[in-house]
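Work through the exercises below with the sequence and the coordinates at hand. Each task is followed by its solution in steps.

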Amino acid sequence: MDNLGESFTTRLLRLIDERGLKDSTVYKQSNISRQHFSKIQCNRDYNPKKKTVLAFAVGLHLSEDETIDLLKSAGYAFSDGSKRDWIVRYCLEHKIYNINQVNTLLFEYDQEQLGA
């Protein structure tokens, strides 16, 4: 247990601080409610859904590698068999960070949208 990596909550809050962003900016850009963000912020052991992690990746303008690390901190990974993952990876690669544009693409391919 001493070798556990950084938790999702710890990593998320660190990324926000490192980028000099306000919490409210990030959760709004990620399509996450203030209440949901507060629940995450108050619980260092919070276990998010994968769509929430991907929403924060878009909201924080993460690279694909940074997103992989954030996914790992929550116990997830990109799957080559997932249309949603391919779409999100495409958006990250092409620097499409507007959550509404990402969700429109997901909707067009009948995939669950990001955020809460």
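**Exercise 1.** Describe how the axes of α4 and α6 are placed relative to each other, and list the residues that make the contact.

Solution. Take helix α4 (residues 50-59) and helix α6 (residues 83-93); helices are DSSP runs of H or I with at least four residues, numbered from the N terminus. The axes come within 11 Å and cross at roughly 10°, where axes are lines fitted to C-alpha atoms over the stretch in contact and angles run from 0 to 180 degrees between N-to-C directions. Therefore α4 is roughly parallel to α6, a label for angles under 35 degrees. Next, collect the contact residues (heavy atoms within 4.5 Å): α4 gives K50, K51, L54 and A57, and α6 gives R84, D85, V88 and L92. Sorted by class, four are nonpolar, none polar and four charged; Ala, Val, Leu, Ile, Met, Phe, Trp, Tyr, Cys and Pro count as nonpolar, Asp, Glu, Lys and Arg as charged, and the others, Gly among them, as polar.

The model is predicted: local features need pLDDT of at least 70 and side-chain atom pairs pLDDT 80 or more, while totals for chains, interfaces and linings use all residues. Residues are numbered from 1 along each chain as its sequence is written, and side-chain values use heavy atoms, without hydrogens and water.

**Exercise 2.** Is T52 buried or exposed, and which residues does T52 touch?

Solution. Locate T52 in α4. Its relative accessibility is 2%, so T52 counts as buried (buried is under 20% relative accessible area, exposed over 50%, partly exposed in between, with a 1.4 Å probe and protein chains only). Setting aside residues up to four places away in sequence, T52 touches I32, H36 and I40.

**Exercise 3.** Determine which residues of α3 are buried and how they are arranged around the axis.

Solution. H36, F37 and I40 are the buried residues of α3. Viewed down the axis, they fall within an arc of 100°, so they line one face of the helix; the arc is that of the directions from the helix axis to the C-beta atoms. On the other side, R34, Q35, K39 and C42 are exposed. The buried residues pack against α1, α2 and α4.

Definitions and conventions: Helix = DSSP H or I, 4+ residues; strand = E, 2+ residues; numbered from the N terminus. Parallel < 35°, antiparallel > 145°, perpendicular 65-115°, else oblique.
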